[in-house]
Amino acid sequence: MPGFELFDEKEIEALADVIRRKVVHRYSFQGVREGIYRVSEFEQAFAKRVGTRYALGVSSGSAALYVGLKALGIGPGDEIITSAFTFIASIEAILECGAVPVLGDIDESLNLDPASVESLITDRTKAIMPVHMFGAAADMDAFREICDLHGLYLIEDACQAVGATYKGKACGGLGIWGAFSLDPYKVITVGEGGMIFTDDEELYKRMEYYHDHGHLHDYNIERGAEKKACLGFNFRMSELQGALGLVQLSKLDRAIEAQKNNKKKILDAIGDVEGLSLRDLPDREGEIASHLVLMLPDGDAAMRFKKACAEAGVGCAILSDNTWHYAKHWATLREGKYYSRVRCPFDCPYAEDMPLYRPVEWTQTEDILSRSVMFGIDVVMDDAKIEKIVSGIKAGLKAAL
């Protein structure tokens, strides 16, 4: 990661083509666009890749999560179980629906622990949303079993796992819907954008209507003549993003293969080290190798490791300090600094105290993250960069173990 490492003349030409034709809106200007719809082409190509009937391009991964939840009818008082280790957008999308995020512990995959979920289910729970963190799938079989038992939706926050698979099936297509992010930090990028996948035709229609002010899209008539199915909002993807996405999608396998090779070179150079382990993934072959996470015996060892790496000129992060992804650090959430467009229309405990989430502490998560150190894996890494990382890791291990 990230996908812009592979930008070249193909992306430039794809964008230039859209600009030369002067049609940047994904739906309008039928009279001059000569039947060319780049976003639609991107959606169709991505749906084929993931193996779903439908894909909907939207303006961001955050929008993908929100639109998907709205299409399911998630609303005030509903509870969605997700992970305490994720990106804040997972939580914000739930809150924007007026619903309540319930955050479970992670296991050593760094994804939501199925064993932590059962105790969090209440009569308000509507869905479980595992997050495929750092490019590797959560234990989807276990979550599907739980959802089937309790009559819950299984949805996927696959925003960090574009191109990942789980037991031979593409992430994003494993639940009632799945969401990808295509922002500048992802393995392929359109600048800002997202994609939602589903096999459910009715659900897809609700998403499509909602993401564009409720329009009943008809390419045979001008946009102003279209009828409306419902109220909605604007989360459209532009033709520029669609064109860029088509080129980037064609490079996805190349990017993942490069990351896997780079990660393998590092691990091969380190070898087996007593006291050191990797993430316990339910499908190691399916990860996209966007990150290397090393697990040490305890937090003190992790701090010694990080200090020695820094002294060797190699930066790494202890995941318990990760303010981007660990709910422990989200003061704005704890303090209720949140502006919601949706409030409970009835007397319920969430009406005045949004947002609420529980539990407020995650002992297991803290233990795992405090002894986990992380390195980002680029698509383009020359031997010198790999050797430097290996040297830093070896210095860190010498100090830590």
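Axes here are lines fitted to C-alpha atoms, for helices over the stretch in contact, with angles running from 0 to 180 degrees between N-to-C directions. Helices (H or I, at least four residues) and strands (E, at least two) are DSSP runs, numbered from the N terminus. All views show a predicted model, in which local features need pLDDT of at least 70, side-chain atom pairs count only at pLDDT 80 or more, and totals for chains, interfaces and linings use all residues. Residues are numbered from 1 along each chain as its sequence is written, and side-chain values use heavy atoms, leaving out hydrogens and water.

**View A. Helix 9 meets helix 13.** The axes of helix 9 (residues 252–270) and helix 13 (residues 383–400) come within 10 Å and cross at roughly 40°. That makes helix 9 oblique to helix 13 (under 35 degrees counts as roughly parallel, over 145 as roughly antiparallel, 65 to 115 as roughly perpendicular and the rest as oblique).

**View B. The buried side of helix 12.** Thr365, Ile368, Leu369 and Ser370 are the buried residues of helix 12 (residues 363–370), buried meaning under 20% relative accessible area with a 1.4 Å probe, protein chains only. They pack against strand 11 (291–295), helix 10 (299–311), strand 12 (317–318) and strand 13 (372–376).

**View C. Around Phe46.** Leaving aside neighbours within four places in sequence, Phe46 is in contact with Val162, Phe180, Leu182, Ile188, Met195, Phe197 and Leu249.

Terms used: Buried < 20%, exposed > 50% of the residue type's maximum accessible area, 1.4 Å probe, protein only. Contact = heavy atoms within 4.5 Å.
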